[in-house]
Structures are given as C-alpha cells and as structure tokens.
Amino acid sequence: MKEVFVLLYLLLGGIYDLRFKKIPLWYLLLFLIFGLLSAIFMRDISYLDAMFGFLGGVFMILIAKLSKESIGYGDGILLCGMGLFMGIHPLLYAFFYSICLMIPFSLWLLFFEKRERDEKVPLIPFLLFGTMIQIVATKMKYGDL
C-alpha cells in the first residue's frame with residue numbers, strides 16, 4: 001500500500017515536473033508530512049532507518065546548495081520524504097537506479113538532440129522508474145512477486 005502511494009505521488013510530481021520544470025513547495029511539504037506520519041504510525045521500518053533515509057535527502061539538499069542547484073532543492077526535499085517512507089537502503093537503491101536511467105537519456109539529449117550541457121533534466125520521472133525497479137527487485141529477492 002505504501003509503495004503504491006509513493007509511486008502515485010512520484011507519478012503526479014513527475015508529470016508536473018515535466019510540464020513546469022519545478023514542483024510546488026506545498027506538494028513537497030505534504031509528502032514530508034505523509035512520510036513522517038508513515039514513519040511514526042506504520043512501523044514497518046525502524047525509526048532509525050527512517051531518520052537515515054531522511055538524512056539521505058538532507059545530503060542531497062546540501063549537494064544542491066554546493067553545486068548551485070545542479071540538482072534542485074525540491075528533489076532533495078522529495079528524497080527526504082521518500083527516505084521517511086522507505087528507509088535509507090531502498091532510497092539509495094532507488095536513487096542509484098534513477099541515475100542509471102538518467103545518464104543515457106542525458107547523453108542522448110546532449111549528442112543526438114544537440115541540447116546544451118547546462119540544460120536541466122527533471123529528476124522526478126527518473127525517480128519514479130528507479131523506485132519501481134527498486135520495489136520489483138526487492139519483491140523478487142524476497143519471493144513476494
């Protein structure tokens with residue numbers, strides 16, 4: 001149930017991100033609130049795991065600050081919420097898969113579509129697919145698929 005909620009939230013956020021190249025702050029804060037409530041009341045991951053997942057998103061916000069927003073603050077806030085829902089290890093795997101999907105796409109845009117190097121590519125659609133891969137891989141590993 002929780003995975004479906006996260007995927008739907010990423011889907012809606014990804015559509016908005018593709019269309020407007022940003023995510024409203026209220027949308028991100030609402031996701032954080034839901035993530036916090038999930039960490040407190042659902043108890044399917046430990047508080048420590050949820051806290052480290054949240055800190056994974058905080059780390060991305062720091063990277064956004066240091067890199068002059070080569071990754072957006074909104075992406076970091078979204079990762080904070082995902083970390084509260086998922087915990088640190090699933091968050092890292094989902095992010096890794098997302099980057100693995102994003103790199104070939106970005107290279108395609110750069111070399112074949114002749115886009116500029118500094119053109120922003122929305123992260124949330126890739127987070128959606130990376131999270132889907134992470135969920136399926138976890139379910140396959142534990143025989144729940």
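Which element gives the largest share of the lining of the largest pocket? The answer is α5, with seven residues. The model is predicted, so local features need pLDDT of at least 70 and side-chain atom pairs count only at pLDDT 80 or more, while totals for chains, interfaces and linings use all residues. Residues are numbered from 1 along each chain as its sequence is written, and side-chain values use heavy atoms, without hydrogens and water.

A pocket is an open set of points on a 1 Å grid over the protein atoms alone, where a 1.4 Å probe fits, with protein on both sides within 12 Å along at least five of seven lines; lining residues have an atom within 4 Å of a point. A volume is the space filled by probe spheres set on the points.

| Largest | about 870 Å³ | Ser70, Ile71, Glu119, Lys120, Val121 |

The lining of the largest pocket divides into 14 nonpolar, four polar and eleven charged residues. In the second largest pocket, α6 supplies the largest share of the lining, five residues.

With contact meaning heavy atoms within 4.5 Å, and not counting residues up to four places away in sequence, Leu127 touches Leu10, Leu78, Leu79, Met82, Phe95 and Ser98.

Note on methods. Helix = DSSP H or I, 4+ residues; strand = E, 2+ residues; numbered from the N terminus. Nonpolar A, V, L, I, M, F, W, Y, C, P; charged D, E, K, R; others polar.
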